[in-house]
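The following questions and answers examine a two-chain assembly. Please consult the sequence and the coordinates alongside each answer.

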Amino acid sequence: MSVTGTMTQPDQRFEQASGRLGKLLPVKTLAPSIIGLVVFLLFWATAAGRIDTSLGQFPGPAMVWEQVQELAKEHRRSREKQAAFYKRQEKRNAAKLAKDPSAEVKIRAYTGQPTFLDQVFTSLYTVAGGFGLATLIAVPVGIICGLNRGLFLALNPIIQLFKPVSPLAWLPLVTMVVSATYVSEDPFFEKSFVNSAITVALCCLWPTLVNTIVGVVSVDKDLINVSRVMALPTSTHIRKILVPAAVPMMFTGLRLSLATGWMVLIAAEMLAQNPGLGKFVWDEFQNGSSQSLSRIMVAVLAIGLIGFALDKLMLLLQRRVSWDKNAVLR
Amino acid sequence: MATSYLELSQVGIEFDSRHGKFRALDDINLSLDRGEFVSLIGHSGCGKSTVLNIVAGLHEATEGGVILEGKEVNRPGPDRAVVFQNHSLLPWLTVYENVELAVNRVFKGHKSKSERRDWILHNLRRVNMEHALDKLPSEISGGMKQRVGIARCLSMEPKVLLMDEPFGALDALTRAQLQDSLMAIQAELGNTVIMITHDVDEAVLLSDRIIMMSNGPAATISKILPVNLDRPRDRLALAEDREFVRLRHAVLEFLYGNKSEPVTPAATALTDDAAVDKRESITTEKNYRVTSGMRPLTAMA
Ligand SMILES: Nc1ncnc2c1ncn2[C@@H]1O[C@H](COP(=O)(O)OP(=O)(O)O)[C@@H](O)[C@H]1O
Ligand SMILES: [Mg+2]
């Protein structure tokens with residue numbers, strides 16, 4: 001089957017290699033890692049000093065750190081403003097009610113500029129939505145495809161065709177379709193959320209789907225025979241044999257999917273001006289102040305850190321559900 | 001004609017291989033009485049596993065068929081339980097749960113929950129594995145895994161117990177223990193068993209009849225050797241027994257006799273392909289004929 005191999009191993013090799021090297025004592029691996037970071041920071045600082053852009057000097061570590069603090073301050077200030085706003089509103093309403101108990105009081109939501117942290121949470125929430133949607137589709141479809149050769153053959157060309165499509169190509173189509181079909185007076189989800197989430201889902205469907213199929217197809221023949229000899233009903237066969245056996249491959253797919261989804265989301269947010277980290281980057285770029293580049297750099301580092309954290313999270317989850325406690329998971 | 005308990009009549013099978021059709025078995029005829037224990041012996045790749053898999057219903061015979069208690073079998077089912085060579089326990093289930101899966105499949109609706117629990121424990125006790133209920137297969141030894149595999153099969157109360165080189169991957173000591181356990185169980189339950197083995201002593205010790213198969217392709221039964229040794233059988237006493245020695249010699253003769261080179265005394269047992277290959281490379285004598293071809297499905301240990 002031609003889907004095997006294309007997406008399964010390559011993305012894991014680096015992790016495997018780094019894991020193998022990391023088997024040494026923690027002290028022995030920590031020291032080189034720290035040295036590496038220090039060298040990188042030094043290199044960054046010197047290189048940054050030599051790059052001049054129309055928005056000023058390229059930010060070095062110090063400038064970026066300054067902006068981290070600045071963004072935190074802005075966040076705190078915004079929260080204070082918000083709290084004050086609600087307090088004022090409460091006071092006003094209380095006064096109104098005191099004067100006239102039957103008066104109608106309005107509670108308005110605070111509408112301030114989203115802070116950097118707000119944008120981070122929007123992005124996290126959106127990627128979770130898209131990734132969740134993709135998982136809900138990809139895992140069952142993958143299992144059915146792995147079981148049914150005909151369906152697999154029917155779907156394979158479609159998978160091959162759509163797998164390499166960039167999110168940027170999907171985005172306009174998704175936006176138009178969502179605008180046309182997702183009409184509701186009081187939508188439960190923001191339209192921008194739906195757009196971004198669907199775009200993310202369309203892109204991170206494939207690794208999970210492909211790996212689930214591979215996982216199901218490559219279940220040990222003997223275990224399948226055990227199931228056949230017992231004449232297990234299909235549902236038991238899936239629950240007790242196929243799914244547990246395919247879980248490791250499924251997780252390989254899920255981790256690839258989440259990583260893809262996170263990258264796709266930032267791009268989609270930038271392009272569609274949907275709220276989130278991508279929009280933060282874009283706004284700063286358009287803003288063009290002397291701090292913009294530093295602030296974008298903060299976003300870049302945050303994106304990297306979050307991507308890393310998401311992968312570790314999946315790894316933890318995988319460790320929890322994996323039956324093979326001896327397998328080295330990284 | 002009097003119908004036997006299990007009957008293979010004119011069974012033949014052809015596989016589709018890369019080089020066209022491959023005829024693995026031809027005209028296999030065999031009848032088993034209820035409670036009979038037979039071994040299949042023959043060189044690696046001759047088609048023993050294929051015979052077993054046809055009885056199990058895992059392969060479909062191209063010609064002929066298998067009749068069990070007067071009914072033709074053509075799909076797998078728990079009435080023909082299989083003990084696989086490499087135990088094939090589900091690695092994500094504990095010892096208890098592995099047996100439970102089989103018991104629930106066969107007895108749900110017939111036995112209550114607590115009866116099923118007792119039955120699972122009873123079967124694990126039969127193979128002396130009640131001490132490891134909550135262990136995963138990866139946490140127990142190869143011999144123990146095979147014991148659990150046997151318990152899983154026994155717990156389904158199969159009409160026929162099929163065993164594909166059940167002890168082939170075990171060391172000699174463990175193998176002897178398991179053979180004794182199997183004999184005791186067999187004496188108690190009177191199972192009908194077909195067992196594939198490479199071990200000549202094992203075949204003679206356990207069987208009522210030894211079915212010797214010719215080499216493939218188009219392998220068939222070339223000789224059937226009845227083993228009329230009294231039961232219960234004791235391996236120590238039998239080692240000196242003249243009849244035992246004669247039978248053992250007859251099997252060896254069949255396996256290696258028609259070769260030009262003499263059989264070395266050490267060659268009492270043929271283990272799996274790998275071991276055979278190794279020995280061949282050491283002696284460089286053509287004492288053993290290894291039929292080449294595709295690797296059998298079951299040879300995954
Ligand atoms: N599914 C299959 N497809 C094609 N050839 C097979 C298949 N199963 C077994 N064979 C062939 O049939 C022959 C007998 O195999 P097998 O029954 O496994 O031998 P044994 O168990 O005696 O070692 C071998 O030549 C093997 O390559
Ligand atoms: Mg075999």
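A disulfide is taken here as a pair of cysteine sulfur atoms within 2.5 Å. This is a predicted model, in which local features need pLDDT of at least 70, side-chain atom pairs count only at pLDDT 80 or more, and totals for chains, interfaces and linings use all residues. Residues are numbered from 1 along each chain as its sequence is written, chains are lettered from A and ligands numbered from 1 in the order in which they are written, and side-chain values use heavy atoms, with hydrogens and water left out.

Q: How many disulfides does the structure hold over all chains?
A: A disulfide is a covalent bond between the sulfur atoms of two cysteines. C203(A) takes part in none, and its nearest cysteine sulfur, in C204(A), is 7.5 Å away. Over all chains, the number of disulfides is zero.

Q: Which helix of chain A supplies the largest share of the side that touches chain B?
A: The contact (heavy atoms within 4.5 Å) involves 18 residues of chain A and 24 residues of chain B. D222(A), V229(A) and M230(A) together provide 35% of the area that chain A buries against chain B, more than any other three residues. The largest share, seven residues, comes from helix 8 of chain A.

Q: What percentage of the area buried between chain A and chain B do carbon and sulfur atoms give?
A: The size of an interface is often given as the accessible area lost when the parts come together. Buried area here is the accessible area (1.4 Å probe) that two parts lose on being put together, summed over both. Between chain A and chain B this area is about 1,900 Å², and the part given by carbon and sulfur atoms is 72%.

Q: How many salt bridges are counted between chain A and chain B?
A: A salt bridge requires a side-chain nitrogen of Lys or Arg within 4 Å of a carboxyl oxygen of Asp or Glu. A search of the whole structure finds 18 of them over all chains. Between chain A and chain B, the count is zero.

Q: Which residue forms a salt bridge with R231(B)?
A: The pair links distant parts of the chain, 23 residues apart: R231(B) lies in the loop between strand 10 (221-226) and helix 7 (235-240) of chain B, and its partner in the loop between helix 6 (200-206) and strand 9 (209-213). R231(B) is partly exposed at 37% relative accessible area, as is D208(B) at 22%. With the closest N and O atoms 2.8 Å apart, the partner of R231(B) is D208(B).

Q: How far apart are the closest N and O atoms of E243(B) and R246(B)?
A: Both residues lie in helix 8 (residues 242-256) of chain B, three residues apart, about one turn of the helix. E243(B) is partly exposed at 27% relative accessible area, and R246(B) at 46%. They form a salt bridge in which the closest N and O atoms are separated by 3.0 Å.

Q: Which residues are linked with E14(B) in a network of salt bridges?
A: E14(B) counts as partly exposed, at 31% relative accessibility. E14(B) forms a salt bridge with R23(B), with the closest N and O atoms 3.4 Å apart. The residues linked with E14(B) in the network are R23(B), D26(B) and E63(B).

Notes: Helices (H or I, at least four residues) and strands (E, at least two) are DSSP runs, numbered from the N terminus. Buried means under 20% relative accessible area, exposed over 50%, partly exposed in between (1.4 Å probe, protein chains only).
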